[in-house]
Amino acid sequence: QVHLEESGGGLVQAGGSLGLSCAASGSFRRINAMAWYRQAPGKQRELVARIISSGNTYYANSVKGRFTISGDNAKNTVYLQMNSLNPEDTAVYYCKVEYAALYTGRAYDYWGQGTQVTVSS
């Protein structure tokens, strides 16, 4: 069993900043990667940023230079710092953990419930 606790999000004016965090807990062998996705109304869910256990990161072109993903391996927590927000960033943001099962080592994904980010113009 894996549990994700997301926090952060909310309402901010364009040009402002918000931070998200996502803490994983439960029974697993290891976390391979954690990522943030977002889904705006009427649009498909898209990958925003991803960080693997070594610390390597990936960003969608739309957020490069504005968002920063970081992780704390000891706390099994991933953070997303979002700066220079614009209305196009409005979406529900979802945390995803890619983990290895405790006994089999098989890889699984688990999603958080999502947190709303709204950027007003």
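Student: Which residue in β10 does alanine 100 stand opposite?
Tutor: Alanine 100 stands opposite alanine 107 in β10. Strands here are DSSP runs of E with at least two residues, numbered from the N terminus. Before we go on, this is a predicted model, where local features need pLDDT of at least 70, side-chain atom pairs count only at pLDDT 80 or more, and totals for chains, interfaces and linings use all residues. Residues are numbered from 1 along each chain as its sequence is written, and side-chain values use heavy atoms, with hydrogens and water left out.

Student: Okay! How many bridges join β9 to β10?
Tutor: There are 5, and the two strands run antiparallel. Strands pair if DSSP finds at least two bridges between them. β9 and β10 also form a hairpin with 6 residues between them, and glycine 105 in that turn has a positive phi of about 75 degrees.

Student: And what joins β4 to β9?
Tutor: 9 bridges, again antiparallel. Within that pairing, methionine 34 has valine 97 of β9 as its bridge partner.

Student: Is β9 mostly covered or exposed?
Tutor: Mostly covered: 9 of its 10 residues, 91-100, are buried, meaning under 20% relative accessible area with a 1.4 Å probe, protein chains only.

Student: New topic: which rings does arginine 45 sit over?
Tutor: Arginine 45 lies over the face of tyrosine 94, 3.7 Å from the ring centre. Its charged end also sits over the ring of tryptophan 111, 4.7 Å from the centre. To count, NZ of Lys or CZ of Arg must be within 6 Å of the ring centre and within 35 degrees of the ring normal.

Technical notes
Buried means under 20% relative accessible area, exposed over 50%, partly exposed in between (1.4 Å probe, protein chains only). Helices (H or I, at least four residues) and strands (E, at least two) are DSSP runs, numbered from the N terminus.
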